[in-house]
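Let's take a friendly walk through a protein model together. Have a look at the chains first, and then read on.

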Amino acid sequence: MAEVEIRAVSKAFGKAQAVNDLSLTVGDGEFVALLGPTGAGKTTTLRLVAGLETPDSGSIRIGGRDVTGDAPADRDVAFVFQQYSLYPHLTVFENLAFALRAPIRRVPEADIRAKVQEVARLLHIETKLDNKATQLSGGQMQRVAIGRALVRSPSIYLMDEPLSSLDAKLRGEMRLELKRIQTDLGATILYVTHDQTEAMTMASRIGVIEAGRLMQIGTPREIYENPVNAHVAARLGQPMINLLPAALFADVPLGAATVGARTEHLTIARSGGDVSATVTRIEHLGDQSHLHLDLGGQPVVTLADPEAKLGAGDIVSLRLNKPLFFDAVGGRVAA
Amino acid sequence: MSTANAAHSVVEPSAGTRRFAGSLVILYAVITMIPLIWIVLTSFKSPDDAISYPPKVVFSPSFEGFCNLFTTRSRQTPEFIQTLGPPQGLCDSIARSRNMVVAGPSNYVPRFVNSLIIAFGSTVLAVALGTLSAYGFSRFRVPLKDDLLFFILSTRMMPPIAVAIPIYLMYRTIGLSDTRLGMILLYTSVNVSLAVWLLKGFIDEIPREYEEAAMIDGYTRFQAFVKVVLPQATTGIAATAIFCLIFAWNEYAFAVLLTSGNAQTAPPFIPIIIGEGGQDWPAVAAGTTLFLVPIVVFTVLLRKHLLRGITFGAVRK
């Protein structure tokens with residue numbers, strides 16, 4: 001394992017600037033998640049570290065060594081692709097052993113066998129080793145894809161939305177499993193996702209990417225509680241943060257154009273709040289209920305208190321409780 | 001809906017459709033098989049049966065066609081034949097019954113061997129070159145890629161005979177006339193355009209992630225190509241090889257123009273059997289029947305690959 005340093009890297013595909021002057025350091029043994037919407041440049045960043053793309057400018061260092069011009073094979077990285085990319089002509093065992101059998105490694109066959117068995121046990125696929133890669137369920141394929149990276153001990157594991165194709169239950173299990181493996185191995189992981197739960201639960205630090213730029217990097221808590229701008233604030237939180245015109249509220253700081261109110265920033269009562277809103281809808285999601293409000297023409301979504309027994313058409317009173325403030329271009333304004 | 005319709009699927013063809021499709025396929029197969037069956041039957045007929053009218057479907061089989069294919073014979077007087085010892089083998093006795101003696105082997109076997117060497121040689125070369133260039137066109141940013149691909153395809157647009165004379169002159173100058181190497185190079189250059197286009201389609205379908213994964217796992221691009229791309233392209237390679245082989249095996253125009261002795265292939269040779277001692281259709285048919293065998297064997301051997309289907313299931317699209 002080693003430290004990976006991305007220094008001022010830019011990459012454009014034709015006119016599209018995929019990654020723009022991005023700098024990021026993943027410390028030894030750290031789990032960094034890159035979070036951002038589709039097309040934000042997360043995958044390109046990962047591919048640049050892997051050597052599958054060459055940066056237009058900037059440099060990449062792994063373990064203190066500049067690898068910017070190196071071939072992927074010489075970088076000592078492992079990659080988990082979003083699309084599994086299991087070799088369909090090989091068995092699960094051969095898929096897992098593939099990296100160890102590379103001519104540059106010369107791992108003895110007995111060691112390969114032992115390592116593959118070990119990883120297969122870890123991922124609960126030891127009974128599937130003789131299957132063709134195509135004879136697996138989606139979840140099993142995904143685990144083989146992760147296993148293919150785990151058989152190696154590279155400087156860094158690069159994972160591109162490795163859990164995105166699993167169903168919710170399996171994704172939850174794999175999340176815990178991956179985190180456990182990472183802690184056990186002390187592995188350095190750069191993990192790309194658009195799923196905030198994955199980022200929040202697994203990462204030691206989250207980097208939020210938007211339009212090829214790293215907006216903010218910090219612990220999940222920092223990112224959640226102290227976002228630098230409205231983009232970052234909108235990335236985390238369920239239901240999503242409500243961005244409301246500051247004009248709706250009295251007593252906002254100077255320069256604030258938008259008020260960002262998460263569920264915990266809103267106190268809802270029958271009366272006695274700062275502003276009043278109308279209940280438009282209550283959405284029951286099973287484990288929680290979303291309360292949809294109309295606040296002076298602006299939709300507001302927050303969690304409903306099951307005890308409150310609200311219904312559509314009810315008038316409620318809202319009070320802001322230390323919300324976030326943003327200026328006209330989305331930058332954070334101190335409260 | 002009624003229970004009768006409950007089992008009916010919108011994508012599965014109905015029994016009636018299936019029966020209709022089946023009979024169409026059988027009808028087509030019969031129509032295409034008739035000439036082949038006719039050739040094979042004729043090769044076992046005597047020369048008289050071969051040209052009888054109405055055509056004979058039931059006849060007593062004879063090996064005269066095959067004997068005449070493999071031997072050259074000279075006409076002798078019955079008195080001279082009387083002076084010879086007992087006939088040596090089946091062909092000799094057939095020849096003597098027609099007042100002839102076997103003078104020696106015909107050129108069919110060497111021509112057939114030429115065909116094998118030239119057709120398989122050019123197929124191997126065309127498929128190898130085609131696979132590599134198709135991979136290049138599929139994976140790398142090649143300047144003027146579309147123009148180059150069109151140019152490659154455009155070499156197939158003119159009839160081969162249009163370039164026959166320039167090629168004849170070129171080959172004579174550089175000494176490739178009537179050589180196996182010359183024919184291999186010629187057929188390769190004709191087939192490689194087909195191979196590039198066919199294989200590019202197949203390789204485009206193989207996701208890049210496979211090679212990328214292999215390259216990250218410590219393989220060079222070429223090793224990844226061999227370990228990952230080639231095994232998945234076998235279906236396309238097999239299909240391409242069959243097409244190339246069929247072209248090279250059957251090619252007549254260039255063969256008749258550019259070869260005469262050393263490198264002559266079977267297609268220009270088979271028709272000239274006719275000239276040796278009358279209209280010897282059974283011999284021609286025998287030559288054609290044997291000529292069909294390698295293609296049939298090759299196609300049957302590769303059938304497994306052709307039918308195996310596409311195995312891209314392990315990549316989510």
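## Chains and domains

Domain bounds here come from an automatic or database domain assignment. For chain A, that assignment gives domain 1 (4-229) and domain 2 (242-333). Taken over C-alpha atoms, the centres of domain 1 and domain 2 of chain A are separated by 38 Å.

What you see is a predicted model, in which local features need pLDDT of at least 70 and side-chain atom pairs count only at pLDDT 80 or more, while totals for chains, interfaces and linings use all residues. Residues are numbered from 1 along each chain as its sequence is written, and chains are lettered from A and ligands numbered from 1 in the order in which they are written.

Now for the strands. Helices (H or I, at least four residues) and strands (E, at least two) are DSSP runs, numbered from the N terminus. Two strands pair if DSSP finds at least two bridges between them. Strands of a sheet pair through backbone hydrogen bonds, either parallel or antiparallel.

(Axes are lines fitted to C-alpha atoms, for helices over the stretch in contact, and angles run from 0 to 180 degrees between N-to-C directions.)

Strand S9 (residues 205-210) of chain A runs antiparallel to S10(A), and 5 bridges join them. Which residue is the bridge partner of Gly207(A) in S10(A)? That partner is Ile217(A).

## The four-stranded sheet of chain A

Chain A also has an open sheet of 4 strands, in the order S11-S12-S18-S19, with antiparallel pairing. Its edges are strand S11 (242-245) and strand S19 (332-333) of chain A; each has a single partner strand, so one side of each is left without a neighbour in the sheet. Strand S12 (residues 258-261) and strand S18 (residues 324-326) of chain A pair in the antiparallel sense over 3 bridges. Within S18(A), Phe325(A) is the residue opposite Val259(A).

## Backbone details to look for

Where can you find cis peptide bonds? One runs from Gln238(A) to Pro239(A), with omega near -5 degrees, and Pro239(A) sits in the loop between helix H8 (230-235) and S11 of chain A. Another runs from Tyr53(B) to Pro54(B), with omega near -5 degrees. Pro54(B) has its place in the loop between helix H3 (47-50) and helix H4 (64-70) of chain B.

Ala8(A) is worth a look too: its phi is near 45 degrees, a positive value in a residue other than glycine. This residue lies in strand S1 (residues 4-13) of chain A.

## The domains of chain B

Chain B is divided into domain 1 (11-43), domain 2 (47-106) and domain 3 (109-307). The C-alpha centres of domain 2 and domain 3 of chain B lie 38 Å apart. Their contact takes 9 residues from domain 2 of chain B and 10 residues from domain 3 of chain B. On the domain 2 side, H3 and H4 of chain B each supply at least two residues, and H4(B) gives the most, with 5 residues.

## Where the chains meet

The contact between the chains takes 21 residues from chain B and 25 residues from chain A. Which helix gives the most to the side of chain B that touches chain A? H11(B) does, with 6 residues. Helix H11 (209-216) and helix H12 (221-250) of chain B each supply at least two residues of that side.

The axes of H11(B) and H12(B) come within 9 Å and cross at roughly 125 degrees. That makes H11(B) oblique to H12(B) (angles under 35 degrees count as roughly parallel, over 145 as roughly antiparallel, 65 to 115 as roughly perpendicular and the rest as oblique).

Methods:
Two residues are in contact if their C-beta atoms, placed from the backbone, lie within 7 Å.
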